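I opened the notebook to go through this model piece by piece. My entries follow in the order in which I looked things up.

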Amino acid sequence: MRRKKALIVYYTQTGQLKSIIDSVCNFLQEEFDFTYEELKPTPAFPFPWPDMTFYQVFPESVQEIPCKLEVFSFDPEENFDLVILAYQPWYLSPSIPFTAFLQTKAAAKVLKGKPVITILGSRNMWIMAQERVKKRIIDMGGNLIGNIVLTDRHHNLVSVVTIVRWMLKGEKHGGGLYGKLFPPSGISEKDISEAEKYGFLIRDAIKHNALEGLQDALIVKGAIKINPVLMTVEKRGFMMFRGWSKFVLKKGGAGDLRREGRLKMFRIYLFTVIYLVSPIGGVVIWLNHKLNYRKSQKMVNYYSHNENT
Ligand SMILES: Cc1cc2nc3c(=O)[nH]c(=O)nc-3n(C[C@H](O)[C@H](O)[C@H](O)COP(=O)(O)O)c2cc1C
């Protein structure tokens with residue numbers, strides 16, 4: 001019998017997402033031969049990010065404005081049995097290299113009529129990114145059968161501090177007093193290694209052609225964990241991001257230095273909201289979820305699945 005073929009498309013700066021892919025794919029190797037396509041933006045995005053460059057990518061991320069990518073090495077005409085798309089959110093949006101991939105003819109060609117699985121490695125806010133990714137996959141005729149999301153499970157206010165340090169300084173775990181006060185940034189090693197259990201489910205679903213039930217099986221095993229308060233904070237934040245990104249783009253396109261003034265204003269806004277508004281707002285949102293429990297659970301259920309309405 002012919003061995004099945006899977007295409008894995010991904011982008012990663014720190015290697016975190018590749019570790020997640022390797023873990024999920026552990027059990028899939030029995031069934032599949034893999035073709036890996038690592039997306040390579042030209043020019044590359046820096047890591048660690050020199051201060052303002054981290055904010056310079058904000059408008060393009062939110063507005064899904066693509067960057068240039070190096071020519072792909074996979075053949076879009078090849079008949080893959082499964083396509084795995086692995087990405088990370090940037091500013092509540094799909095990262096720019098991944099956005100760029102989704103807007104290519106090669107993506108449209110290779111996804112059409114194929115079972116697709118998305119894997120996300122994020123801090124903790126990914127819902128608004130995935131909504132747009134879902135839509136693009138469905139519009140291209142892909143059959144999104146599974147979504148797996150790994151997050152940093154520390155408190156929101158803690159993971160903001162640690163991710164900014166990781167991204168801007170390249171230090172996953174700082175030393176001295178900082179190292180005593182704060183945990184390492186990113187997704188825990190334990191969560192990454194345990195992600196192989198999802199591969200087991202994918203392998204069985206494909207083997208027995210039981211694709212429809214896959215997402216529910218993944219959810220039962222913990223592939224999606226939605227905190228309703230963060231979900232609402234993210235939805236509101238995204239509405240504001242839309243306005244801010246348009247405001248910055250009026251000053252110029254990607255990398256234009258004339259945008260710095262507005263980006264600095266955005267940076268102040270961002271940290272004020274995270275540290276001053278969101279703790280108080282969070283209590284109100286939490287109460288609201290308790291009072292409207294059924295409505296809130298309906299939303300959690302929708303974002304845990306792969307339909308796009
Ligand atoms: C510019 C930028 C913006 C980010 N914005 C978000 C975000 O909105 N939500 C989130 O959960 N994580 C966010 N992150 C964290 C990434 O999703 C990801 O976890 C991190 O970059 C490590 O991924 P990688 O090394 O595999 O690329 C952001 C990272 C970067 C570099």
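The model is predicted, with local features needing pLDDT of at least 70 and side-chain atom pairs counting only at pLDDT 80 or more, while totals for chains, interfaces and linings use all residues. Residues are numbered from 1 along each chain as its sequence is written, and side-chain values use heavy atoms, with hydrogens and water left out.

**Entry: overall form.** I counted 14 helices and nine strands in the protein chain. These are DSSP runs, numbered from the N terminus: helices are H or I with at least four residues, strands are E with at least two. The C-alpha trace spans about 60 × 45 × 45 Å along its principal axes. I then checked the radius of gyration, taken over C-alpha atoms; the globule rule is 2.2 Å times the number of residues to the power 0.38. For 309 residues a compact globule would come near 19 Å, and the chain has 19 Å, so the two agree.

**Entry: two domains.** Domain 1 covers 4-151 + 187-304, and domain 2 covers 156-183. The bounds come from an automatic or database domain assignment. Their C-alpha centres lie 22 Å apart.

I looked at the contacts next (heavy atoms within 4.5 Å). On domain 1, 17 residues touch 13 residues of domain 2. The two domains bury about 1,300 Å² between them, with 67% of it on carbon and sulfur atoms. Buried area here is the accessible area (1.4 Å probe) that two parts lose on being put together, summed over both. Phe 54, Arg 123 and Tyr 275 lose the most area on the domain 1 side, together 36% of what that side buries.

What holds polar partners across this interface? I found five residue pairs in polar contact between the domains, both residues at pLDDT 80 or more. Helix H13 (residues 260-291) gives the most to the domain 1 side, with five residues. By class, that side has eleven nonpolar, four polar and two charged residues. Ala, Val, Leu, Ile, Met, Phe, Trp, Tyr, Cys and Pro count as nonpolar, Asp, Glu, Lys and Arg as charged, and the others, Gly among them, as polar.

**Entry: salt bridges.** My rule was a side-chain nitrogen of Lys or Arg within 4 Å of a carboxyl oxygen of Asp or Glu. The whole structure has 18, but the interface of domain 1 and domain 2 has zero. I picked out Glu 30 and Arg 203, which meet at 2.6 Å, N to O. Glu 30 lies in the loop between helix H1 (16-25) and strand S2 (32-38) and Arg 203 in helix H10 (residues 196-207), so the pair ties together parts 173 residues apart in sequence.

**Entry: backbone.** The peptide bond from Thr 42 to Pro 43 is cis, with omega near -10°.

Notes:
A polar contact is a pair of N or O atoms within 3.5 Å; within protein, one must be able to donate a hydrogen and the other to accept it, and residues adjacent in sequence count only if both atoms are side-chain atoms.
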